[in-house]
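Hi,

Here is the structure I promised to pass along. Have a look at it first, and my notes come after.

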Amino acid sequence: MILNKETAQKTAELLLQINAIKLQPQNPFEWASGWKSPIYCDNRITLSFPVIRNFLREQIASQIETLYGKPDVIAGVATGAIGIGMLVADYLNVPFCYVRPEAKKHGRQNKIEGFVQPHQNVVVVEDLISTGKSSLAAVEALREADLNVKGMVAIFTYGFDISEKNFAEAGVTLHTLSDYAEIVEQAERSGYITSEENALLAQWRTDPANWNPTMAVKPENN
């Protein structure tokens with residue numbers, strides 16, 4: 001869910017500006033899942049741009065305080081959200097931890113790295129939401145440690161139906177700074193893509209598992 005339209009537009013503009021999000025509808029990327037995708041997102045690039053990372057830090061922190069008040073702990077999802085999560089925790093002046101996708105094979109075999117205590121209020125920070133599976137696995141690990149997960153705030157979501165279903169079933173509230181619709185809208189507005197490419201991107205969004213760049217774009221009825 002988008003909390004602030006102006007923030008969503010500005011975030012989309014900045015992510016496109018530094019190529020944290022790339023759109024290639026005619027020459028798609030291939031995800032690890034095997035899906036052909038006209039979009040690739042790597043929000044870790046934002047950490048290399050102080051002005052942009054500070055904007056994201058402050059917007060996420062502001063949304064967290066607006067939605068949940070100041071939490072006891074900020075938890076980042078490894079590895080993509082460790083950087084931005086630490087920045088947000090520092091800005092809010094609260095402790096930080098991060099959650100591994102699986103427990104370490106050696107040492108203390110931690111899945112949660114950092115000092116946390118049962119019944120603390122935690123907000124999870126994520127960089128990117130696709131299906132939501134890895135993000136919700138982090139939530140499950142925090143809940144297993146008897147932490148109270150208030151919700152999650154992320155930089156960007158593809159907005160897939162499956163992710164919305166997964167978050168609803170897990171009882172986790174998700175808010176994002178921007179989303180797929182805002183990215184595509186900003187990309188066409190700035191001349192990054194054409195209206196025809198916009199149509200291809202819209203088709204991918206409705207059926208990403210079966211999409212390919214040769215799919216015919218049906219003309220609009222006059």
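First, the ground rules. This is a predicted model, so to speak of local features I need pLDDT of at least 70, and side-chain atom pairs count only at pLDDT 80 or more, while totals for chains, interfaces and linings use all residues. Residues are numbered from 1 along each chain as its sequence is written, and side-chain values use heavy atoms, with hydrogens and water left out.

On confidence: pLDDT is the predictor's confidence in each residue, from 0 to 100. The protein has a mean pLDDT of 90, with 93% of its residues at 70 or more. Watch residues 216-222, where pLDDT stays under 50. The model has five contacts beyond four places in sequence for that stretch, a contact being heavy atoms within 4.5 Å.

Now the helices. Helices (H or I, at least four residues) and strands (E, at least two) are DSSP runs, numbered from the N terminus. For burial, "buried" is under 20% relative accessible area, "exposed" is over 50%, and "partly exposed" is in between (1.4 Å probe, protein chains only). The expected span of a helix is 1.5 Å times one less than its number of residues.

Helix 2 covers residues 50-68, and its 19 residues should span 27 Å at 1.5 Å a residue; the end C-alpha atoms are 26 Å apart, which agrees. Its buried residues are Ile52, Phe55, Leu56, Arg57, Ile60, Ala61, Gln63, Ile64 and Tyr68. An α-helix has 3.6 residues a turn, so residues three or four places apart point the same way. What do the buried residues of helix 2 pack against? Their partners are helix 1, helix 3 (82-92), strand 5, strand 8, strand 9 and strand 10 (174-179). After helix 2 comes Gly69, with a positive phi near 75 degrees.

Helix 4 (residues 133-144) has 12 residues and reaches 16 Å from first C-alpha to last, close to the 16 Å expected. Ser135, Leu136, Ala138, Val139, Ala141 and Leu142 are buried there. The cover over them includes strand 5 (73-77), strand 6 (96-99), strand 7 (112-113), strand 8 (121-129), strand 9 (148-157) and helix 5 (161-170). Ala141 counts as buried because its relative accessible area is 7%. Just after helix 4, Asp146 takes a positive phi of about 65 degrees.

Then there is the pairing of helix 1 (residues 5-17) with helix 6 (residues 180-189): they pack at an angle of about 65 degrees, with their axes 9 Å apart. Axes here are lines fitted to C-alpha atoms, for helices over the stretch in contact, and angles run from 0 to 180 degrees between N-to-C directions. The crossing of helix 1 and helix 6 is right-handed, meaning that the near helix is turned clockwise from the far one by less than a right angle. From helix 1, Lys5, Ala8, Gln9, Ala12, Glu13, Leu15 and Leu16 meet Glu182, Ile183, Glu185, Gln186, Ala187 and Arg189 of helix 6. Gln186 is buried, at 11% relative accessible area, and leaving aside neighbours within four places in sequence, Gln186 is in contact with Gln9, Ala12, Glu13 and Leu16.

Asn4 sits in the segment before helix 1 and is partly exposed, at 33%. Its side chain reaches the backbone nitrogen of Thr7 at 2.7 Å. Although Asn4 and His175 are 171 residues apart along the chain, their C-alpha atoms are separated by 9.9 Å.

A few backbone and side-chain details to finish:

- Glu113, in strand 7, is buried at 13% relative accessible area.
- Ala78 and Thr79 are joined by a cis peptide bond, with omega about 0 degrees; Thr79 is in the loop between strand 5 and helix 3.
- Asn93 is not a glycine but has a positive phi of about 60 degrees. Asn93 lies in the loop between helix 3 and strand 6 and is exposed, at 67%.
- His119 also has a positive phi, near 75 degrees. His119 is in the loop between strand 7 and strand 8 and is exposed, at 65%.

Cheers

Technical notes: Polar contact = N/O pair within 3.5 Å; in protein donor to acceptor, adjacent residues only side chain to side chain.
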